[in-house]
Amino acid sequence: MKKPYYIDFPQEHFEGQMHRYRCVSCQEETTTINGRLEGHLPTCTYRLKLEKAGYEAVGCSEKPASNDADDFD
Ligand SMILES: [Zn+2]
């Protein structure tokens, strides 16, 4: 199950930078995330929530064998 863009995550401003936003959970900048689930850190609660819901990161044609989300604390 995939979505073309993942943009419904909680966002907040960089302090003093009105035009820059970041994910509240993992603090990655939205321009880095770029609407991709894999743009979030593996520990991001938003990413983990969607992955548990059955969504996959879009953009990687093959899921890396070493990327086992269950191993993260
Ligand atoms: Zn995030």
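In the predicted model, His-13 has Tyr-21 of strand E2 as its bridge partner, strands being DSSP runs of E with at least two residues and helices being DSSP runs of H or I with at least four, both numbered from the N terminus. This pairing belongs to the antiparallel arrangement of strand E1 (residues 11-14) with strand E2 (residues 17-23), which are joined by 4 bridges; two strands are taken to pair if DSSP finds at least two bridges between them. The hairpin formed by E1 and E2 has 2 residues between the strands, and within this hairpin Gly-16 adopts a positive phi near 75°.

Residues are numbered from 1 along each chain as its sequence is written. As the model is predicted, local features need pLDDT of at least 70 and side-chain atom pairs count only at pLDDT 80 or more, whereas totals for chains, interfaces and linings use all residues.

The protein contains 2 helices and 2 strands, and these follow the order β-β-α-α from the N terminus on. Of its 73 residues, 15% are classed as buried, a residue being buried if 20 or more other C-beta atoms lie within 10 Å of its own, exposed if 12 or fewer do, and partly exposed in between, with C-beta atoms placed from the backbone. Among contacts with a separation of 6 or more, 26% are made by residues 24 or more positions apart, two residues being in contact if their C-beta atoms, placed from the backbone, lie within 7 Å.

The mean pLDDT of the protein, where pLDDT is the predictor's confidence in each residue from 0 to 100, is 84, and 78% of the residues reach 70 or more. Confidence is highest in helix H1 (residues 30-33), at a mean of 96, and lowest in E2, at 94. Over residues 60-66, by contrast, pLDDT stays under 50, and for this segment the model has 1 contact beyond four places in sequence.
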